Amino acid sequence: METQQFEAAQVQVLQWLTQLTGKQADELRNIFDRCSSLAECLAILAEAGSKLRHCPHCEGDRLYRHGVYRGLQRYRCRQCGASFNVLTKTPLAFIRLREKWLPFLQCMLHSMTVRGAAKAIGIHRNTSFRWRHRFLAMAKDARALPLDGIVEADETYLLESQKGSRHLTRPARRRGGSASHRGPGKEHDCILVACNRSGKACDFVPGRGPVTAQQLHDCLPPVLAPGILLATDSAVAYRAFATAAGIAHETVNPHAGIRVNGLIHVQTVNSHHGRFKGWLGRFLGVASRHLPNYLGWRHVLDASRVTLPQHFLRVALMLDVI
């Protein structure tokens, strides 16, 4: 009943605002937008709280409601006595200005830069950067797994970056620089992507240099369904991994001009690589330690998996998988 009354009030206020003009009307619209964003944000957080089953401090399951603070329901654990809310011990804990969360996530859906998003919603650029990685911390793992059918796997490489680090482990490069020799080596971050033909994908940053069979064994088995057919290029590491794991494996050899072998190709995963690298260029270089977050962000945007900031927040809270 309260929700219906709130929605009816929203409609009435919107109709009233459309009749106003001038600076005062713009200020009233901004205030109304912030209030609407806060109400929607709190509603999603309340839904996440209704699914809370364990204490984040001791994993106990004897919980009871313990008041409301800043719009969020608090709980207390009967086993350890600690109180908490749905955001406790999550990357979104202690983030304030909740009325600006949804506008900020809308900026992320438009792939805006740190400074662009900060200017658009009225926060500091450092806050914008911190929020970006807080919202992506759990969203990057909200994948619809396992991968089934024909699964393509391939790796691509980016020059390692220590952007923002105060303690470089190598001499600084000017404006990104370049590698000391051609081809992937220890100066490059390896990005491993596995995807099937229906659009499901999973990505990893296993380390630097060419991917190894051990790295494949550490990354791929948990995300692969039984009975899949693995399609890769002719790299030795994939053959060794598939043999050891007992996975059906077919290859193509692009270096020899064999890009398609019947239904076997790696064009889907290579397309994924191309979209990611083209999109990443707008940020003028990202630190290697943040690569998993950017891979997750691109996954959110790919094929319009998420189109609304409300859905983005649900993904960041692990209420939905994509």
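In which helix does asparagine 293 lie? Select asparagine 293 and you are in helix H9, where helices are DSSP runs of H or I with at least four residues, strands are runs of E with at least two, and both are numbered from the N terminus. The model on the screen is predicted, so local features need pLDDT of at least 70 and side-chain atom pairs count only at pLDDT 80 or more, while totals for chains, interfaces and linings use all residues. Residues are numbered from 1 along each chain as its sequence is written, and side-chain values use heavy atoms, with hydrogens and water left out.

**The whole chain**

Of the 322 residues, 41% count as buried, a label given under 20% relative accessible area, with exposed meaning over 50% and partly exposed in between (1.4 Å probe, protein chains only). The protein exposes about 17700 Å², of which carbon and sulfur atoms supply 53%; such areas come from the Shrake-Rupley method with a 1.4 Å probe, and for residues only the protein chains shown count as cover. Among the contacts (heavy atoms within 4.5 Å) with a separation of 6 or more, 58% are accounted for by residues 24 or more positions apart.

**Helices H8 and H9**

Return to asparagine 293, which is buried with a relative accessible area of 11%, and display His133, Leu136, Ala137 and Lys140, which asparagine 293 touches when residues up to four places away in sequence are not counted. From H8, select Arg275, Phe276, Trp279 and Leu280, which meet Leu291, Tyr294, Leu295, Trp297, Arg298 and Leu301 in H9. The residues of this contact divide into eight nonpolar, no polar and two charged, where Ala, Val, Leu, Ile, Met, Phe, Trp, Tyr, Cys and Pro count as nonpolar, Asp, Glu, Lys and Arg as charged, and the others, Gly among them, as polar.

**Cysteine sulfurs**

Now show the cysteine side chains; how many disulfides does a search of the whole structure find? The search finds zero, a disulfide being a pair of cysteine sulfur atoms within 2.5 Å. The sulfur of cysteine 55, a residue buried at 1% relative accessible area, has its closest cysteine sulfur in cysteine 80, at 3.7 Å, which is too far for a bond. For cysteine 58, partly exposed at 33% relative accessibility, the closest is in cysteine 77, at 3.6 Å, again too far for a bond.

**Backbone stops**

Most residues other than glycine have a negative phi, and most peptide bonds are trans. Go to glutamate 59, in the loop between helix H2 (23-50) and strand S1 (63-69), where phi is positive at about 65° although the residue is not a glycine; glutamate 59 counts as exposed, at 55% relative accessibility. Serine 111, in the loop between helix H3 (101-109) and helix H4 (114-121), also has a positive phi, of about 55°, but counts as buried at 9% relative accessibility. Finally, centre on proline 146, in the loop between helix H5 (125-139) and strand S4 (150-159), where the peptide bond from leucine 145 to proline 146 is cis, with omega near 5°.
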